[in-house]
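The following paragraphs are intended to be read alongside the sequence and the three-dimensional view.

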Amino acid sequence: MTPPATLGELEALVLAAVVRVGDGANGAAVYREIQQRTGRDPSLPAVHVTLRRLEEKGLLQSEGGTTSPRGGRPRRFYRATRNGVHAIQAFHDMWRSVWRGLRWPDAESRK
Amino acid sequence: MISVPRPPGLSRRLLELASRSLQTPDLVDDADDLFAERARTQDLRAARRWYRRQAVAALGRVVRSRLPHGRPRPSCAWGATSLDVKLGVRMLVRYPGLTAVAVIAMAFSIFIGAGLFEVIDQTFPNSRLPLPGGERVVGLRYWDRAANTPAPVLLGDLRAWRDELTAIGSVGGFRTVTVNLFADDADQGGPITTAVMSPVGFQLAGETPLLGRTLAESDLARDAPPVVVIGFRVWQTRFGGDPTVVGRTVRLDDRTATVVGVMREGFRFPISHSLWIPLRLDEAAPAAARHAAARPGAGTGGNRRALDRRRVSPRADGNGTIAVFGRLKDGVSMARAQVELNAGLTRAAADDPERFDQVVGEVLPYRQALFSRPMTLMLHVMIYQLNAFAALFLMLVSANIALLMFARAASRERELLVRTALGASRRRTVRQLFVEALVLSAIATMIGLAAVGPGLRWLEQQMVAMGGDTPPFWFQSRLSAPTAVYAGVLAVLAALIAGVVPALKATGRIAAGPLGRVAAGGGGLRFGGIWSAVVVAQIAATVVFAGGALLMVQQARRSGTVDATFPADQYLSMRVDLDATNAASSGYRDRLRQLEIALAAEPGVTGVTVARQLPLTSHPNVRVEVDTGDGGANEVARAEVGIGFFDVFGARILEGRGFTAADEMPGARVVVVDEYFVESMLGGRSAIGRRIRQTGGGDEPAPDSWHTIVGVVRSLESDRPSAFDIFESPRPFVYRPLPADATGPLRLAAHVPAGPVAVPARSIASPWESARRSGSTRCRGSTASPPPRSPSGVSGPI
């Protein structure tokens, strides 16, 4: 089995958001999810570029969907591939192991 | 009325460009959605700010994606420092007068140059179609090699292409018709450019409706109820933006149809259409389609033979011709599609050799297929001459600014000297002055470009207001990326002329002479040969431009604002066209006479007359000579008019007589001339009994036979002198009697002393309606100046 792909922070956020949104995960929905979860305001182009990059890496899969109520072209909807799920799990495990047992220097000094 | 907030136009355009570059096709739609959401939940200004931020972020992404990884970003590609830019801005502030003049002049010339470029770029048949995958959308047509025109494509051909062609998908067709839409019983109607189109056209255009649905294949069934899809503008103007319009029954000419959908704003596919009704492949064209006019895209070539032989083969079947579109399938080249089309045509030629004898099939980019002429090298050259004109104009303006810049450099001589003394090379100083000019031209370019979009929108509104058609869907009143690049090139060109030339001149003397002598004040900078040449060139150009502008004004005035000697606002005019499928209708004049009688019986109408050309409209110009023996020939305007023409328009007979019934008969070679003819051709001598003949121009082979002048009338166009009439006198007229068997299109004019509003719309429409139902004529509004909403679209004051 190939080792899970390494992810950057935004890639991890986007991938996690795609998994969370589930059906209907298009660019706008992913953007909203990240904004709500993190309180940050990522740029929409960055989200789109990341979605494309994750798809190129084989961590996401997209398919044409329906149009929005406002009309326009049909949007692409994304879902995580098996590799994508592995990658986000590996990312999660990595950070969990980083945090586990970590003592902050200022906390030490306050003791 | 539904009002949808719009994202900032420029930001949206930038996002579109960035989206293409970043290969993120949903970016713009998502941004639009989020913008609408924010505008709804927050306030509109915040939403717009957010949208602009996204556009800037997207541009940043594009720039980053283009830079090589791990390389520091240069402060400026051509080596200038931010200090140069800062100095440039400071100079603009320090010399506000010069800045204002230079920016305004340069912005105007860049606006002209970029605007022309945009119009040409969008009109050019080879440029990209603004549809999803627009470069793969093609048109299919026949080309008659003998006539060098498009040959008719019939419904049978469309059926065959749909079945045969594997290289092209979404094959469909359309024809353009003009339909009178009546929204309800109280509606007075109005003509609307309508596409009788295959439903697949909506898929090809990749557009979804704003309300309801588009046309569907089920609408093509024989027993399917008649349906219509309406355009955004029609929905807004004729239905007041009624959100419940879907399902309403409307009248299209004399038939009813149900509105099934409303298209989004700006959707005008296949050309500039505002209504869409289904094109059925298994039956003759619907009644409205019988009026298919020979207009671009209607596919009516000159080859009527094929129509007459429509029963020869199953392929040559269908009433009226159509234009055909399709999309190349993925991985298929146009050449392969052409090969397939040729193979089909070879088989068709075996069935119907006579029809396809001189005909070749063509697969062309969509817009090119709608052009009736191939783009020749000469046409390319002519189109780009316009660009060259704009560039020359900019160069002239830049040369003027260069003069001002040189004057400024002269006043900065001491500063330049100090720089040189401190070790600045000549190159460094020139670069700085160039950057100063570049800052100026960059500001001017931004202003000029910002005006292009509104300028094009204004142009579009003027075209529509003057009675012209809405521009085709591919003409978009906004700035395209190539135009922005072109404007950038113009800006650099302007900066080179306005910055580098004076800089070289100013620094040349400083570099050449000993510093001490120059600093001691050896006379300062002087105008030399270059500036003398610039001054001479600008004076020459000013004279040429002023002369050209005066001639254009003269021309425009003559063509558009001729004053009348009769009360033009008391006249209604109507054009009566022949049915396109019944061009040889022999009863045309009889029916026209019935219409004359019906109209004359209307209360308020004091006179009705018929003519091929009405006063104040365009007339053929012909060269005529008089039998005075001096051999001279002059150009005059020619009109063919009915017997009562002069009475109805109140043109007083000054000498001789007007036309009588006998003059309408074949062989009666008589004419009536107006007073200006007598003045210009006969020097005021008596015209009665003189003979004239046409020696060229118009639509007749020259020379024509002699015609005798039987009368002189007062001119119908003004003799009032005007400030513009310094070159030309009023145009002389020759009137010929309209032959009794004349065919259309002819025009009717009715004199209504109380004004056109005194005649109820229905009373004007009814005579036309009855004639139209009989299928031999159709009516169109006056081309001169239709009222804002002419009654039933058939009439308007002259």
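The coordinates belong to a predicted model. Trp50(B) has a relative accessibility of 1% and therefore counts as buried.

Aromatic pairs occur elsewhere as well, and a search of the whole structure finds 27 of them over all chains. One of them joins Trp50(B) to Tyr51(B): the ring centres lie 6.4 Å apart and the planes stand at 70 degrees, so the pair is edge-to-face. The threshold behind this reasoning is that planes over 60 degrees apart count as edge-to-face. Another pair is formed by Tyr142(B) and Phe356(B), with ring centres 5.4 Å apart and planes at 75 degrees, which means that this pair is edge-to-face. Tyr142(B) belongs to strand β1 (residues 137–144) of chain B and Phe356(B) to helix α11 (residues 353–356) of chain B; the two are 214 residues apart, so that the pair links distant parts of the chain. Tyr142(B) and Phe356(B) are both buried.

Rings also join into a group. Phe566(B), Tyr571(B), Phe645(B), Phe646(B), Phe649(B), Phe659(B), Phe733(B) and Tyr735(B) form a cluster linked by ring pairs. One of these residues, Phe733(B), is also touched by His619(B), whose other contacts, not counting residues up to four places away in sequence, are Gln613(B), Leu614(B), Ala637(B), Arg638(B), Ala639(B) and Arg731(B). His619(B) is located in the loop between β13 (607–611) and β14 (621–626) of chain B. With a relative accessible area of 10%, His619(B) is buried, because the limit for that class is under 20%. Although His619(B) and Ala639(B) are 20 residues apart along the chain, their C-alpha atoms are separated by 6.5 Å.

The backbone deserves attention next. Most residues other than glycine have a negative phi, and most peptide bonds are trans. Against this background, the peptide bond from Phe269(B) to Pro270(B) is cis, with omega near 10 degrees. Pro270(B) is placed in the loop between β8 (255–262) and β9 (275–278) of chain B. Two further residues concern phi. Gln23(B) is not a glycine, yet its phi is positive, at about 60 degrees. Gln23(B) sits in the loop between α1 (9–22) and α2 of chain B, and its relative accessibility of 52% means that Gln23(B) counts as exposed. Ser170(B), likewise not a glycine, has a positive phi of about 50 degrees. Ser170(B) is part of strand β3 (residues 168–182) of chain B and, with a relative accessible area of 29%, is partly exposed.

How do the two chains meet through their helices? Two packed helices are described by the angle between their axes and the distance between the axes. For helix α2 (residues 27–38) of chain A and helix α2 (residues 27–41) of chain B, the axes come within 8 Å and cross at roughly 50 degrees. This angle makes α2(A) oblique to α2(B). On the side of α2(A), the contact is made by Gly27(A), Ala28(A), Tyr31(A), Arg32(A) and Gln35(A), and on the side of α2(B) by Asp30(B), Leu34(B), Glu37(B) and Arg38(B).

The chains may finally be considered as wholes. Chain A has 111 residues, of which 37% count as buried. Chain A contains five helices and two strands, and its elements run α-α-α-β-β-α-α from the N terminus on. Among contacts in chain A between residues at least 6 apart in sequence, those joining residues at least 24 apart make up 48%. Chain B has 798 residues, and 50% of them count as buried. Its secondary structure consists of 22 helices and 23 strands. Of the contacts in chain B with a separation of 6 or more, 78% are accounted for by residues 24 or more positions apart. The pairing of Tyr142(B) with Phe356(B), described above, links distant parts of chain B.

Note on methods:
Residues are numbered from 1 along each chain as its sequence is written. Chains are lettered from A and ligands numbered from 1 in the order in which they are written. This is a predicted model: local features need pLDDT of at least 70, side-chain atom pairs count only at pLDDT 80 or more; totals for chains, interfaces and linings use all residues. Side-chain values use heavy atoms; hydrogens and water are left out. Rings of Phe, Tyr and Trp (its six-membered ring) pair if their centres lie within 6.5 Å; planes under 30 degrees apart count as stacked, over 60 as edge-to-face and the rest as tilted. Buried means under 20% relative accessible area, exposed over 50%, partly exposed in between (1.4 Å probe, protein chains only). Helices (H or I, at least four residues) and strands (E, at least two) are DSSP runs, numbered from the N terminus. Axes are lines fitted to C-alpha atoms, for helices over the stretch in contact, and angles run from 0 to 180 degrees between N-to-C directions. Angles under 35 degrees count as roughly parallel, over 145 as roughly antiparallel, 65 to 115 as roughly perpendicular and the rest as oblique. Contact means heavy atoms within 4.5 Å.
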